[in-house]
Amino acid sequence: MRIGILGSGRMGGALGRLWAGQGHAVLFGGRDAARTEAAARRAGPDGSWGTLAEAAAFGEVLVHGARHAMPSAMADGAEALAGKVLIDLNNTPVPEGYAFEPVERSFAEAFQADAPGLRVVKAFNTVPAQVFDDCPDRIREHEVSIFVAADDAAAKATVMDLAAEIGFRPVDAGPLRNARLLEGFGDMIRYLINVADLGPCTTISARALPYPAV
């Protein structure tokens, strides 16, 4: 599969490296050529680099971790994104005192409105970047959950398969509207890491207890 990483940030870079390791063709796109090239080189021989528009054109699946930028501005307009799957990793900026407000409109919904032909999927925003840096080999062992919300069933299935490939346990989190809940969930993870002091590799493994027999 061809995967375009929109931006050379920590999360997008980590996912790109993991999927390149699974044999996917990954193109990192960014505004800073040196930083983008460095991210691609860390991904090994299956990583390449270019501009944001080149990464957007290349990928069947796109990874978006730059909350300040709309997808259409990172590509050659909204029409160039039609039919592509876009994984939205974004959370809100951390407010003073970690006093998060309820999410009334998610980034995923804003991105979908920006490029209606996109197949937007919310995923990976509840996993800290430190998990990829410090304990990637323990993801599968601990069955770390990835919550996946989307209106497009095929796009959701694609992202769930990609998550499972790199060791996560994907959980169907319902329609794209539920990205609001997932962004709130991401806020809680950051609170637990930084205020409750649970540590930078805090994750969630969602399990259903066996229902007692009647």
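Predicted model: local features only at pLDDT ≥ 70, side-chain atom pairs only at ≥ 80, totals over all residues.
Met-188, Tyr-191 and Val-195 form the patch. Together these residues have about 250 Å² of accessible area. Val-195 sits in the segment after helix 8. Its relative accessible area is 40%, so Val-195 is classed as partly exposed. That value falls between the limits of 20% for buried and 50% for exposed.

Helix 8 (179–194) also contributes to the lining of the largest pocket. This pocket holds about 760 Å³ of space. Its lining comprises 36 residues, and those closest to the centre are Arg-10, Met-11, Gly-65, Arg-67 and Asn-90. Helix 8 gives the largest share of the lining, with five residues. Strand 1 (2–6), helix 1 (10–21) and helix 6 (129–134) each supply at least two residues as well. By class, the lining contains 16 nonpolar, 14 polar and six charged residues.

Across the whole structure, 10 salt bridges were found. One of them pairs Arg-41 with Glu-37. The closest N and O atoms of this pair are 2.9 Å apart. Both residues belong to helix 2 (residues 33–42). They are separated by four residues, about one turn of the helix. Arg-41 has a relative accessible area of 56% and is therefore exposed. Glu-37, at 26%, is partly exposed.

A salt bridge also forms between Arg-119 and Asp-152, with the closest N and O atoms 3.0 Å apart. This pair links distant parts of the chain, 33 residues apart. Arg-119 lies in strand 6 (residues 119–122). Asp-152 lies in the loop between strand 7 (145–150) and helix 7 (153–165). Both partners have some accessible surface: the relative accessible area is 24% for Arg-119 and 26% for Asp-152. Arg-119 is thus partly exposed, and Asp-152 also counts as partly exposed.

Arg-138 and Glu-141 form a further salt bridge through their side chains, at 3.7 Å from N to O. Arg-138 counts as partly exposed, with 46% relative accessibility. Glu-141 counts as exposed, at 54%. Elsewhere, salt bridges with shared partners join Asp-88, Lys-122 and Glu-183 into one network.

Note on methods:
Residues numbered from 1 in each chain as written. Heavy atoms only, no water. 1 Å grid on protein atoms, 1.4 Å probe; cavity = no way out; pocket = protein on both sides within 12 Å on 5 of 7 lines; lining within 4 Å. Points joined across faces, edges and corners; volume = space filled by probe spheres on them. Nonpolar A, V, L, I, M, F, W, Y, C, P; charged D, E, K, R; others polar. Patch = residues over 30% accessible without salt bridge, like charges linked within 9 Å, V, L, I, M, F, W, Y side chains within 5 Å. Areas by Shrake-Rupley, 256 points an atom, 1.4 Å probe, with all protein chains shown as cover. Salt bridge = Lys/Arg side-chain N within 4 Å of Asp/Glu carboxyl O. Buried < 20%, exposed > 50% of the residue type's maximum accessible area, 1.4 Å probe, protein only.
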